[in-house]
Every structure is written in C-alpha cells, then in structure tokens.
Amino acid sequence: MKIDRLDLRAFGPFTDLTLALDRGDLGLHVVYGPNEAGKSSALRALRQLFYGIPSRSTDNFVHAYPELRIGATLSEGVERLECIRRKANKNDLRAGDDVTPLEPGVLSKYLAGLDRETFETMFGIDHPALVQGGRDLLGGGGNLGQILFAAAAGIADLRSVQQRLGDEAAALFVPKGSNPRINRNLAEWDKARKEARAAELPSSEWEQHDKTLAQARRKQAELEAKLAAAIPEKSRLERVRQALPLLAKRNQLLTELTGLGPVPLLADEFSDRRRDAVAALSTARITVESGENAIRELDSQIAQLEPPAALLARGEAVEGLQNDLGGYRKAQRDRPILAGRRDQLMSDARRILAHLRPDLTLAEAESLRLTKKQEIELQNLGNQHGALTTRIEQARRNFEKRDARLQAARRELAGLESPRNFDSLLVALRRAQSLGDVEQDRAAARIELTRLEGRTVAELARLGLWTGDLEALERLPLPAAESIDRAEQAHGAAERALERLAEQCDDNAANQAALERQLRQLELQGAVPAETDLVESRRRREVGWRLVRAQWLERERDLSAERAFLAEFAPLNDLAAAYEQAVRQADEQADRLRREADRVATRAGFLADRQACQAEFEKLAAQRREAESQRRGLMDAWNAAWQALAVAPLTPREMRPWVVKQQALVQQSEALRRHRTSVGELERRIATARGDLDRALTELGEIAAEESLAVAVERALLASERNKVVVARRATLETELASLGPEVAECREQSARACQELAGWGARWRAAVEPLGLPADATPAQVHEVLSQIHALFDKLKDAASFSERIADIGREAEQFRTQVADLVGQLAPDLAGLAVDEAAERLIDSHRQAITHEARLDAARKQREKHAIQREQARQAIREAEGAMDALCQEAHCEAAERLPEIEQASTKAKGLHVNLAHVHDNLLLLGAPATVEEFIAEIGGVEADDLPVRIDALSAQIAGWNEEREQASNTVAVEGKALADMDTSAAAADAAERAQSLLAEIGSDVEEYVRLRLASAVLREAIERYRKKNQGPVLERASSLFAELTAGSFAGLRADYDDAGEAVLVGARPDGRTVGVDDAMSDGTRDQLYLALRLASLENYLIEKQPIPFIVDDILIKFDNERSIATLKVLAGLSKRTQVIFFTHHQHLVELAEQHLDGAELFVHRLEGKTRSL
Amino acid sequence: MFKFIHAADIHLDSPLKGLEQYEGAPIDEIRGATRRALENLARLAIDEEVAFVLIAGDVYDGNWRDFKTGLFFRSEMSRLREADIPVYLISGNHDAANRMTKSLELPDNVTRLPSKKPATVPLERYGVSIHGQGFANAAVRENLAAAYPLATPGHFNIGLLHTSASGSPSHEPYAACNHDDLRSKEYDYWALGHIHQRGEVWGDSRIQFAGNTQGRHIRETGPKGCLVVSVDDRRRADVRFEPLDVFRWERAQVDAGHAENGYDVVDRVANELRRVRDDCDDRPVAVRVQVNGACRAHESLAAEPARWTNEIRAVARDTAAGNIWIEKVKLETSPAHELDSTRWAEGPLAELAEYVAQLQADPAERARLAGELAELKRKLPAELKEGDDRIDLDDPQLLTDALRHVEPMLLGRLRAGGFAS
C-alpha cells in the first residue's frame, strides 16, 4: 500500500492541509514540522486515519468532535481508495465525498489486515522505541533469539515483558519459598484446617462431659442431706459445753452481792457532777478577787486624765485652718511671678500701639476696635478685588488673541489662489489610469517582439537545405504531408527489402563459411576418399593393365605411354611394380570407400549443400540488384518532387522534421505579425492618453513637457491634489472668519463690564478702611496686616487684665486667712498672738490634735472599768449556784456532810460492777440456749454428762469435715463440667475456620490459574523466540550485518552470531579489523541504537520479500545520531523506500538539510508543515 | 385453618465456597450464614405462629463432625419449644452420614420420623396426618415413597420425603420416584427435600421442594429460604416463599461488545453490579462476573487479568459500599475483529501463534510444557481437585483453557509498546 495523499482537513491544529505523498515510485518522504507546527498531530492523524479517532481525542481544540476529518488517497497496485475518517461511533469511515459510508474491511485490505498494534509496532518506530530497543539489547546480553524476535516484531522491550512474566509468576509461587502468595496461602490453609479440626467438638467428648456432670450433681445432693442432720447436733453439744463455766460464774456473783449489804446505786455521772461543783466554786471565788483589783487601778488612771474642752469645742475651725494654710503659703509664693507676667504683656501692647498709631495712648486704643460687621466687609472687599482684576486681565487677553487670529485669517484668504475648473483634467487622468501600466506593457511587448524576431532569424538560418527570407518560406509549395508519408513508406519498404536481402546474403555467406569449415575439419581428420579418386585409380589400373597386356600378350609396347604411366608411380620404374601399385591403390581406394562410407557420405552432403548455397547466393545477388535499382528509382522521383522548391531533399524520414520546422517557422512568422500589431496598438493608446492629458494641463496653465505618460499622469495627479488642498483651505478659512468676528466683540464687552464693577468696588473700599486711619488706596494686604496687628494688641491687653484680676484675688484670700487665725488665737491661745500668722496657725493645730488623743484614752479607761464590774457580779452569782449543787448531791447520797461523798461513791461502783457481770452471764446463757429460756436451758444442762462432751463433739466434727470435702469436690465437678458444656454450646469456631480454609482454597485456585497462565506464557514466548531464531537467523542476520556496517558508517564491518559461555546464541558486532564487540557495555548506547535499527530494518525487509508493502513511519529517530551516521541512516531509509514508502517525521531542520544535500532528488521528497492552512 | 413451614437442606455450618478474601470484601457479613438462616427460620415460625415446622432432611452436612453444630441446632429447636411449636423432621442422606444425628438428643418438641419404615404422625388438633421416612444410610437407592401409607381419610395429609424426584444433574439420585408414585397416595401436600432449587415438581403445586435455606456457592444463586403453607378450612393449601438467607449468590453477565478499553468494561460491570445490588434488598451478595463479547479491550484484559479483576473488585466496593463480594471474574472476551488468518503468515508473532496452535493440537508437546508446573503440582492439596471449580493440574482441559488465554496475554503485553500517542 502506498499513501498518495494525506488530507488533514480538520484535525488538531490543521485546517485543509494536504500532504501530497504520491511523487516518486514510493519514496522517502521527510515531513518537517518545527515545534508547534503540528508534527506529532500529523503523525497521530496518519495513525488515526487507519484505525479510527479515539472517543476521548484531544485533537478537538480547533475543530469540534463532529467536524474532525482526516482524508487520504491510498493505492495498492492498480487499485485506489479515497476515504475520510471522522469521529463517530459507527460509520466513521466514509468515501471521498464525505457522505457514502465505507466498510471498515475496505481499509483493512490496504493495511494487509494488520491491526493497530501490529501496524504501530512493526511499521512505526520513534526515538523512545529505538532507545528502549537499544537498552533491551544491553539488558539481554545480546541473546540472539530475543534480539531477532524483538526487532522483527518491533517490540522494544521484549526482555522486560519476559522479566515481568517471570516476576509475576514468582510473586505467586516459588517451589522452596514461603512468601509468594500460593506458598503463603497453602501454609495458611493448612493452619486453618488444623484450627478447624482442633476447634471441632467430637460427639463422644460432649457425651462424656454430660454424663460426668449428671453424676456429680447426684453426689452433691446426697452429701448435702447428710450434712443437714449432723451439723445442728454438733452445734447443740458445743453450746452445752460453752454454758457450763457461765453457770459457775453466775453462782459466785450472786454470793458477792449479798456480802455488800444495802448500798445506794448512784448514777454513773455522780462523781463527775460532784467534782464539777467543787471546781466551779473555787474558780468563782478567784474571779471576784481579781475583778476588784482591776477596778481600783482604773479609777486612779481616770482621775489623772483631763483634756481642754474649749479647744476641742472649736476643733472643726482649727482643722479647717490646716487646708487654708497650704493655699495661703502657695499664693504668697506665686504673687510676684504673676505681677511680672502682667507687666510684660502691658509693655508688648504699648509697643504694638506705638507701631500702629503713635498718636494714641493705651487708654485710647479702644477706638481702634472694629465691629464684626466692619471686619467682614473688609474681608469681602479684599477678596473681590483679586477676582475683579483677574477678570479684566482675562477679558483683555481673550480679545487680543482672537483679534490676532482674525487678522491672520483675513491675510491668508487674500493670499490664496483663485479656484479653477479641473474637470477635464480629471477625465483625462481617469482614462489614462484605466489603461494601467500601459508603458510597461509596451516595453514588455517590444522585448518579446525582439526576442521573437531574433529567434525566427536564428531558426530560419538553422533550417538548412534552403535559403531565402521568411516570406519566401511561407510561400514554399511543399509536398503534401500524405505524399511525404507515401514516399517515406516506399523508401522504408525499399530499404527494408534491401536490408533483408543483405541479411540473407550475409546468412548465406555464413552458411557457406560454416560448410567450408566443416569440410575442412573432415579433411583434417584424414583425407576423405572420393569416388573420383577410385575412378582415377581404376583408370590408372586399366591403363597399367592395357600396358601390361600389350607387353605381355601383344608384345607391343607403347613406350611413351609406359613412361607417362611410370611417372605416376615414381620412383618405381618398372611396369609390373607400377601396375601392382596401381592395382593395390585401386583396391585400397575401393576398400577405403567401403570402410569410410559415412565420412564419404558426410562429405558428399557438405559438398551438395555448398553447391545449393552457391546457387542461392546467385539468386539473392540478382534480387539485390533489382532492389537497388528500385530504390534508385524512388530516390529520383523524390528528388524530382523537391526540385521546384530549390531544395535538395534528404530522405523522406529526415524531411518530415524539416517540414515540421518549416511549419513552426510559418507559425512563428504569424506570431511575429501579431506582436507587431499589438505593440502598435499600445503605442496608439499611449499617444491618445498623452494628448488628452497635455491638452487638459495646458488649459490649466500647466506647461506640457516631453515626458512619459506615467510622468504626465503623476504631474496631473499632483496638480489635482494641489487644487484639492487650496479649495479645502479656503473653505476652512471662511468658516473661521465667520465665527471669529462675533467672538472679538464679545470679548470687548466683557472687558468693559469688569472695569465698571471695579469702580463700584473702590467707593466701598474707601469707606471701609477709613476707621483704620488708612488711605483709600491701601491694598487689601495692608489692611489685612493692620487688622492682625490690632487683634494682637487687643489679645495682649485682655491677657494682662486677667493677670491683674488673679493678683487681686490672692490679696483678698490672704487677708481673710489672717483674720481667721487672729480670731482663733484670741479665743483659744492668746500666748501665740505674737507669732507669724502661718506659724500661729500651725501651733494651734498641734495643740488641738494632742487634746483629741487625751480624750480618747480617757474614754477607753472608763469602758474597761465597767466591764470588770460586770464580771465581778457574775462570779458572785456562780458561787451561789455551786453551793446549791453540793447540797443536792448530799441529798442524793443520803448523807449530811459533803466530805463523806467519795466514800459512798466507791461502794456504789462496786455493787454496780457485780450487777453488770451477772447480766452478762445471763445474756450469754440466753444466747446459747435459744430458743429455750435461761431457766429451761439451765435445766437441760443439768441432764448432760459433762465429761463425755468433748469426745462426742470431736467425732461429729470429723464426720462433717469429710462430708464437706466430698461435697466440695462434687460441686467443683459440676461447675467445671457445666462450664465445659456451656463453652461447647454453640461456638462456631470450627465452622469459621473451615470457612476460612475454603476462602484460602478459592484464593489458591485463582492464583494457580494465574500462575499456570504466566508460566505457560513465559515458556511459549521462550520457545517461540528460539524457533524464530532458528528459522530466520541466516537471512535477517546477514542483511542486518550489512545495514549495521552502513549505519555505523564503517565503524563496524558487520554482525556475527557467536555463542556465550552458556552455549546460548548471542549477537556480537565485528570491527573492520576482525575484533568483536559484545552487545554489552563495550558498545556505546548510540551504536546499540543503530544495531537495533539495523535489525528492525533487516526484519522489515525480510517481511517485505513476500508481503505487500506497508508504509514505514519513522518519528525523529535521528536526534541522537551524529551527522555522519544520520546521513548513513537517511541513505539506508532511502534504500528501503525502493521497497516500501517511508514517511519520516522530524522537527530538526538540519536533518532536512542533510537529506537534501546527500540524497538523490528522485527518491527524497520534503514536506513542510509550517503554514497550517496552506496546501503544500 | 392453620399454617406450617416447610424447610429442607439447612446444611448447618457448611462453609461458603469459592470466596477469596480481599481487601474490602464483606468478610464479617458471611460468617455463620447457615446458622443465621436457621435463626431466621425459627424467628419466622414464631412470628407467623405456625402450627408446626417440617424439615425434609439434611439438617447437617455429611462429613461435618463438630458437635457444636448439633448443639446450635438444638438451641434453635428449644426456642421453638418455648413457643410451643412442634417440629417434624426426617434424616436426609447427609444426616444419615452424620454421627450427630444419632448422638444428639433433641428437645421433646422435635420428632424424628423413623428410617426403617414409613410412619404417620396424626395431629388431631388440626386434623393433619404427617407421613414420612428418613434415610437409614447415606445412599438410599430404593423408592421410599412407594411404601408410604395411603392418605388418612378426612385429614390434611402431608408427605415428608427426601428425594431426587425424577432426577437432577447436580444432585445424587437418591430415593428417586415419579409423579404417579406420589399422586397415588392422595396426599394434600408433599414436602420434599434434597434438591436445593426451590419449586414445584412435575407442574404439580401440591409437590414442592423448599430448596436450601442459604446458598453456599455460585451454583446456588438467588433468594433461598422456606415455604409457608397456609391451609384453609376446606383443606386447600396456599404456598408462599419466605427468604431466610443472609447472603446471596448471583451471576452478572456483562457484554463488553465494542468496549474501547478496560475501563469501559469496568464501567459496564459497575452498571450490572448496581442492578444486582438493587435486587438483593441490602443483603450482601457474592457475584460472579462473566465478561463476554468482541471488543478492542480484549487484548488489554487478556494481558493482565489479575489487574482487571482487582479493578472490578474496587468498583464493586465503591458501588455497593462493601455489600458485594466479587466471587470470581471470568474474562471471556474475544478480539474486536477476527484476526486475519494471513496476518501472521510471517514474523515472530506468527511463530508464537503457530506454536500455541501446535500446543493445542499436540498433547505430547503440551505434556512437555506441563513439566514446568511439576513443582507446584506436588504442593497443591487434594481438596483443590474437588468440586465443579476444581483446579487439577493433571487435567488436560486445564492446560487447554490456560493456553487459550496465553496467546492474547502475550500479544497484549508484547504490543503494549509501539508509538507513544
């Protein structure tokens, strides 16, 4: 298949871009697109044309999805296909009309049924694939099978595919491993199975537990019944044993109680109460005594303290002095400072006034004070003055400017030239322009005419066979073409007949020569006996016989005849010998004729043939002569036909081109005439246009000059332009004049109005400044200055007044303070009268504070005394109460004197102790004997044999302990078995483990399937690689070897198959000197890339031997090649392009240049993608 | 008027099969599924206030020996006892094979009908006669039904029978019988067990298989449970199915026709999974995904089946919030267009295809190749070689199947390179 044309109608950045790839047989097409020009888009378009635009295409940034179109024309042998690929889910392939849907199968025929992946891997190579292919060679250590397989299939990373198959399988299973999934899961599965088994509960085990539990429960019940009888009996006996000592103690207590006699049983707190009463009595007595001492002490203190009452009565006034004293002292300090300030201000005021109005005193200064209204009036007027003067100035300037412009416009208008009528010029001009560049045309026509004339003359001279001018040539009565044809045919026939005869003569001569040669050969083998020789021998024998007979029988000798006869048999000189010889010779001849009959026949045949040949030759010679004469006749007729033309003709065949040339000259002559006419026509038009223009210009007063039409047109254009400018300018000036007149008048009026206002202002100003004593022409600035001075003056005076006021206040307050102090001193402390007023005040305050302190102390002493009096009274009351309590205690103990109380208390305590013990014994008996009463219990004890008790109790205890132990065991068994059964109950541990085992089994199953596939795939691939190597190693390797030498520009001589240490076939590069370089680190990356390329191309060529060609798409594989190897590669690709179309995409200009420099133009076609919408 | 439940084939604690565990699979949801189903059965009986429960055999799994399974069954029967619901059951082939059947004492509300000869239990309160006979051993070949007594006149007669009926390819042919055998007894209802697929037999609505209560592998798809039979005063039976299962099994057939790439296929699987999920009433479900059809995605799928299986698992997780367990993914797509037979006439890939074809045709060469798997074969447990999804490395079919995947796998991987687009 070949791509004739690729139409990037609407795809990626392209709109209607066409790559014409049909030049050359197949050709190496270099498609150059600099960055951004869409090289990769074009490449993608090519592939998507064949195999469809993917649904998520990104090539819709210019054309929307429904508009995407890639068109192409493909050819395969004599068949052609025009198709368009668009983006659609179905019917995305259409015929060239973009309407008719095409079956996808149509395209697949052109692609030899290759699917997309195969097409891309086998018929496409790009730089990454090249590099990957090279790297794969390195990784594979040159394994020949892998290399051939990968290169032929276009697979760049075969080794990593193999590696991955192996790795993935190893991740699943390794015979001795434990980590791969299958290994791990097998172990897990085994574990889960064991767990399930371990968790299983066998029926027998459950039954066993169930039985044990039942037995234990029964035993437990029996023992509990026995214990229920024995334990109470043992308990009863033990109680009896415990009660025996209590009974003895009871009897003893009763005896002791009787011995004490009658004793009052005092309450438990009796002793405490008695001790409390005695203590209270003694404490109260001490309190009374100490209280009286304290009262006496305080009374003496009170008598000594006596504060001055008068001073305390005026306390508030004296304390008031304390505040005023500080103020008074500060005011006395401030006063001189204030006076100084006031004096300074007054002096400033005086200075200002002196400057302002030296005629006035400070007292008179008040006359200068202005009312608010006056001040405002002054201010307003001041402001107005500026505005007024500005307006006047503005009005004046406006007036001057406009007036100047008015004058200038008037002057210019007067100077402008008067308007003229240009109509006729414009008409002439338009007409001249409509002719276009007629002079140029005329020049061109003249040149062409000259050229034609020259050519005609030259060709006329070259015509030959005839002399004369063109006109004569045109008139030549040439023979009709048919006559020439006829003559040519006749001549041809004659010539051919002659040739044929000549050939036949030659053949005949050759035959004769061959016959001669054969005859000679025959002779060389030995003389061939001829019939004639035999005849001759026989004749001689006959002659001899006649001579012999004559001599022998007739005795008549003919000596001359004998001599002649003998001469034939010299050196024999006797007739008999000669006759014998003759007879022998004749016999020999006859014998030889018989013996060599074949050779004789052959020779006779040859001789007959030769004779026939000679006869034939004679016949041919006659025919030849006849033909010669015929030809001569024809020539004469032919020459005669031309005689009238004074032409010595050549052969008819040679004369035919002559006639053609003559005809051409005749046509040329006509063309010459046409050209002359057209030049004349052009001349005429120019002249007319010039005439019109000159006339129009002259009318307008322009001087006409000898010049070309173009210059005249230019001049007319200039004149017309100039006129247009003048007319326009006049219009502008007239408009300007019309508007400026009124504006000037307006300006003048404005100026007058402003002057009038200024006069009014002057009157008001005079009146306003008058109170300030300023003249009427005082400026607003002056007035402003005076006003601010006046303000300063009044400010100073105001401040001075306020200081005077404060000084006066200080004097008043000091006097008041002094009066107050004198008053108080007079009343309370006349002894201070002589002191300074502030010192006196201070002393007075001190005295007052002392008096206050004395007063407070007196008060405290009085309060304390009162407290002590109350306490003394309380203590006296306590003494009375304690004495009453003692009396009550004596009464309780039935005694007269309090001194006997301790003794009675002692007896009472003892009796109470005995009673308590007795009650205790009683209670214990009651407890032991319950539910019987104490009396009943005592009676029961009486019936028991005390000495047997311990023995009976011990026996019973032992029995109970034994039973208890047994019951404990049974109970434990119940608990343990019960728990075991409960645990067994419904746990699903075994089922869970079994489920896990199933899950693992499922996982193992999937993994095994996957593993099997991977291992089989790996083995199949390995085997296929090896098989392919065996089949293809020879031819592919041989071709790759020479390609490799070429691609490395002779750095390598080729490739060789070798064997590595493991006996595997490996590939090595061979240097020109015979050294080998392995496909490992010894080979540079670039060289390895070239090796891979060589293998790819060799495999491709191998494929193309039997298969239809498919274009080979190359995407910029040379970017890492140096120039030398790039050139070599381009040449190799050019070589490949004789077998199949090669389309080489690049965005490197220098590669395009290299290709153009080093490749034949017939095989290289360069396409540029620069203009995206231009057709290339 | 009364109701009863007809259940069968509980196969208590029989493990679920074929579920590979993987990240995101609903592992917890499947634990003890057969037990949960039995619990559901008991709850249903109590809620529906049925008169009695019939179990037509196969409570246990034949070779399952854990007695706890029996104890669990007993505890559920005790629940029914507390609700005063009697249970009548017969032994199926699995029960007969299981020792537990004999050694476990069941509560007194449970009656196991004898295995030596058919017996009849009359329930006068409802006017019902239950006829039945269990399996005496694991493989009963005779027609048990033939010896069943004729219907008790005036009663609602029920036949309780464990049978393969007239046969099913996936079940052992035990106690086989035909329509006439059963019809001739003039019973009102036949409660059958053994066949795990629910439904009436011979088009006769009075003869029903209850199916099993919980599906346990991919051949037991769809809802599983029991039949609730309501009998009205005129002894007419109305049969209603009630699901008991807690985990379902479904097949998802996905047509990958014209899919451009693997992700398109995954999208289609997701759509199908959504449908399955919506049909399962929030139950977790194991799905076998089977992808067929001619598509361009074929090579990519074939090249890396494990990867695409994982993609499908992931999309299942996203689609059903952990409620779908992808049991297995069967990628059985074919190339988008039939390969041109002349295409591989030359070149390495032709060599490869040729060799694969030779392998398919040549058992000796295949056997040589199988030598690669000898190490693995030695390690695989016998359990893997059992059942319908067995993996038997000695089985020639396994290699043939694997080889079918090998060529596209290799082509896909080898040709993944080419131009960068």
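A polar contact is a pair of N or O atoms within 3.5 Å, and within protein one of the two must be able to donate a hydrogen and the other to accept it. By that rule, 17 residue pairs are in polar contact across the interface of chain B and chain A, with both residues at pLDDT 80 or more. The structure in question is a predicted model, and the predictor gives the complex an ipTM of 0.88 and a pTM of 0.51.

The interface can also be described by its residues and its area. On one side 80 residues of chain B take part, and they are in contact with 83 residues of chain A. Between them the two chains bury about 7300 Å², and 61% of this area is on carbon and sulfur atoms.

Charged side chains also take part in the interface. Side chains of opposite charge can pair when their charged atoms come close. Across the interface of chain B and chain A there are 10 salt bridges. One of the salt bridges in the model joins B:Arg413 to A:Glu168, with 2.8 Å between the closest N and O atoms. Several helices of chain B each supply at least two residues of the side that touches chain A, among them H3 (67–82), H9 (305–320) and H13 (396–414). Over all chains, the whole structure holds 110 salt bridges.

Another of these pairs lies within chain A, where the side chains of A:Glu721 and A:Lys724 meet in a salt bridge at 3.3 Å, N to O. Both residues belong to helix H22 (residues 709–769) of chain A and are 3 residues apart, about one turn of the helix. An α-helix has 3.6 residues a turn, so residues three or four places apart point the same way.

Helix H8 of chain A covers residues 203–260, which is 58 residues. From its first C-alpha to its last it reaches 86 Å, close to the 86 Å expected at 1.5 Å a residue. After H8(A) comes A:Gly261, which has a positive phi, near 70°.

Further along chain A, A:Thr450 sits in helix H14 (residues 438–463). A polar atom of the A:Thr450 side chain lies 2.7 Å from the backbone oxygen of A:Arg446. The C-alpha atom of A:Thr450 is also 9.2 Å from that of A:Leu672, although the two residues are 222 residues apart along the chain.

How confident is the predictor in each chain? Chain B has a mean pLDDT of 87, with 96% of its residues at 70 or more. Chain A averages 84, and 99% of its residues score at least 70. In residues 1172–1176 of chain A the pLDDT is below 50, and this stretch has 16 contacts in the model beyond near neighbours in sequence.

Conventions. Residues numbered from 1 in each chain as written. Chains lettered and ligands numbered in written order. Heavy atoms only, no water. pLDDT = per-residue confidence, 0-100. Helix = DSSP H or I, 4+ residues; strand = E, 2+ residues; numbered from the N terminus. Expected span 1.5 Å × (residues − 1). Contact = heavy atoms within 4.5 Å. Buried area = accessible area lost by both parts, 1.4 Å probe. Salt bridge = Lys/Arg side-chain N within 4 Å of Asp/Glu carboxyl O.
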